[in-house]
Every structure is written in structure tokens, then in C-alpha cells.
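Please review the model below.

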Amino acid sequence: MAKLRFSSLAAVALFTAVAISANADTLNGAFGGWTPWQKSGTLVDGSNNVTYGGPYWNVKSGDGATNNIGWCLVGGGGCNMANPPGNLNFFANGNSAIDNMWFTTGGSTVTVSLNGVFTSQTSPGSGIDYFGYYTVDPTTHMVTGATPLLNAGNSIPTSSTFMVGPNTSYGFYLENVQGQGSSNETRYWFYMDSTQDQASNGTTPLAFQHFSIFDGGSSLYVGVEDGFGIPDGDYNDMIVQVTTASAPEPASTALVAIGLLAFAIPFRGKLLSSTR
């Protein structure tokens with residue numbers, strides 16, 4: 001499991017001093033964990049198939065040999081992403097994708113910002129991608145309440161925020177719409193829980209995890225693959241930065257006050273003893 005961290009070091013120091021957990025969102029997935037790139041300088045370049053058993057997202061992109069999400073993050077190849085964060089750990093089972101990933105939350109405000117778009121699906125006429133979030137029913141674990149936040153036609157950086165209730169599970173989805181507004185309109189929904197992917201024409205999309213998630217410290221980077229049918233798996237079609245703003249719960253505030261009082265009591269005792 002992985003938590004989105006506080007951006008304020010002062011806040012982290014305060015909570016550490018009184019042993020209170022931060023109210024942050026946690027990334028979950030069966031057998032999932034943060035995995036470093038096995039060879040930090042090795043990315044698919046068209047002439048190298050990367051035979052060392054590299055990450056599931058490290059493949060030759062249909063947009064160009066050096067355009068997958070890895071090239072975008074390190075700011076190299078043919079993928080020119082604004083302010084690339086560098087070589088980040090990714091969430092996976094070893095180097096393999098996890099079928100079902102989800103977040104749990106303490107009621108934080110979540111900000112998503114569009115950092116990169118490397119897809120032709122940017123307008124209703126040529127196909128368009130919508131990025132949003134959904135909640136997860138705690139009993140059935142089914143997707144509920146899908147809400148769009150951004151689309152691939154937005155300018156960079158475009159940001160949007162949302163909030164879900166405490167102890168609520170949620171995930172992100174991408175909706176790919178072909179022929180929007182026409183009689184042949186078809187919609188594909190790809191979820192962080194890839195077992196629930198679906199299409200409006202009744203077909204079942206190929207079993208495929210369309211999301212890759214990277215640990216940027218105070219935020220996460222989410223790379224999305226929009227291909228339906230047989231995707232190229234480059235995960236750079238939409239790149240979104242996700243940050244959560246956490247605040248102490250009322251109980252935490254009370255514990256902080258108790259801690260300050262505990263400091264005050266010995267100090268008062270010392271003053272009394274000095275007057276005797």
C-alpha cells in the first residue's frame with residue numbers, strides 16, 4: 001500500500017512528534033507495491049526489446065519508439081512532457097500489472113492536473129478521451145457514481161478537484177468515445193479495476209490494465225492507455241498528476257492540544273519547585 005504524502009514538511013513534523021497518522025489517501029492492490037525500475041537508464045528505443053523483464057508499461061509506443069510513459073517521466077525520447085519528474089517507482093506486482101487497483105480515503109480533497117496528452121483522441125470528431133473518478137460499493141465492489149473531471153482536449157495544465165466521504169474507496173477511469181453524436185457512437189470504459197471494463201456495444205474489452213501509477217513523493221503520476229482492441233500499452237495517452245490535501249481530524253487536534261498540555265505540566269512543576 002502507498003500513501004499520498006503531505007506537501008508541508010512542517011505538518012509532517014508536527015504529526016510525527018505526537019504520533020498521529022496523516023489523513024491521506026492510500027493506494028491498494030493485491031500483491032502490489034512500489035517497484036523501482038530494474039535498470040534506470042533502460043527504456044524501449046525501437047532497437048531494443050528490453051529482454052531483462054522490464055515493467056509492463058515499458059513497450060514500444062504506437063506514437064513512436066521512444067514515446068512511452070517512461071520516456072515522458074524522464075523527459076527524453078520523443079515524449080516532451082512539461083516538468084518531467086524523473087525516474088519514479090511504479091505500483092505493480094514485481095514488473096507485472098495489477099488487475100484491480102483502488103484508493104481508500106480519509107475524506108481529503110483530491111486535485112487532478114493534466115500534465116500530458118499524447119493521443120490523437122482529442123475531439124469528438126476523431127474520438128475523445130474523458131478522465132474521471134468513480135466510487136466502489138463496499139459490499140459488491142462494483143463501480144458506482146462515475147464522474148468526469150478532464151478530457152484529452154483540455155489545455156495543459158488543466159486541474160479539477162473532488163472529494164469523497166471518509167473510509168470510501170474510489171478509483172480513476174478513462175472513457176474513450178468513438179463517433180460521438182453519430183449513429184455509430186461507441187463508448188469504452190476502462191477502470192483501475194480492469195475486471196469491470198466495458199463497452200456500449202455489448203462487447204467485452206480485452207482484459208488489460210489501462211493504468212500505470214508512479215510515486216512522485218507529494219503526489220502521484222497516472223499514465224493512461226486509451227487503446228481498445230489491442231492496445232499498444234504505452235500509457236502516455238493522458239498523463240495526470242494526483243495530489244491530496246490532508247487536514248487533521250478533530251480527534252487529532254484534541255491530541256495535539258493534550259500533547260501541548262503535557263509539555264506545560266512539567267514546566268509548571270519546575271517553576272513551583274524553584275519558588276520554595
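Asn83 is found in the loop that runs between helix H2 (69–74) and strand S4 (90–92). This is a predicted model. Asn83 is not a glycine, yet its phi is positive, at about 50 degrees. Asn83 counts as exposed because its relative accessibility is 67%, and the cut-off for exposed is over 50%.

His141 also has a positive phi, near 65 degrees, and is a residue other than glycine. His141 sits in the loop between S8 and S9. Pro157 lies in the loop that links strand S9 (143–151) and strand S10 (159–163).

## Largest pocket

The largest pocket has a volume of about 210 Å³. Its lining comprises 14 residues. Nearest its centre are Trp102, Val136, Asp137, His141 and Ser169.

Three strands each supply at least two lining residues: S5 (101–105), S8 (127–136) and S11 (168–178). By class, the lining of the largest pocket has six nonpolar, six polar and two charged residues.

## Second largest pocket

The second largest pocket has a volume of about 170 Å³. It is lined by 14 residues. Those nearest its centre are Asp63, Thr119, Ser120, Asp226 and Asp237. What is the make-up of the lining of the second largest pocket? It divides into three nonpolar, six polar and five charged residues.

## Nonpolar cores

The largest nonpolar core holds 34 residues. Val112, Phe131, Phe162, Phe172, Met192 and Phe211 touch the most other members. Take Phe131. Leaving out residues up to four places away in sequence, Phe131 touches Val112, Pro148, Leu149, Leu150, Phe172, Tyr173, Phe211, Val222, Val224, Met238 and Val240.

Another core, of 18 residues, lies apart from the largest one. Among its members are Ile69, Cys72, Phe90 and Phe118.

## Confidence

The chain averages a pLDDT of 80. At least 70 is the score of 76% of the residues.

Where does pLDDT stay under 50? One stretch is residues 5–23, for which the model has 25 contacts beyond four places in sequence. Another is residues 247–276, with nine such contacts.

Notes
Residues numbered from 1 in each chain as written. Predicted model: local features only at pLDDT ≥ 70, side-chain atom pairs only at ≥ 80, totals over all residues. Heavy atoms only, no water. 1 Å grid on protein atoms, 1.4 Å probe; cavity = no way out; pocket = protein on both sides within 12 Å on 5 of 7 lines; lining within 4 Å. Points joined across faces, edges and corners; volume = space filled by probe spheres on them. Helix = DSSP H or I, 4+ residues; strand = E, 2+ residues; numbered from the N terminus. Nonpolar A, V, L, I, M, F, W, Y, C, P; charged D, E, K, R; others polar. pLDDT = per-residue confidence, 0-100. Contact = heavy atoms within 4.5 Å. Core = buried A, V, L, I, M, F, W, Y, C linked by side-chain atoms within 4.5 Å. Buried < 20%, exposed > 50% of the residue type's maximum accessible area, 1.4 Å probe, protein only.
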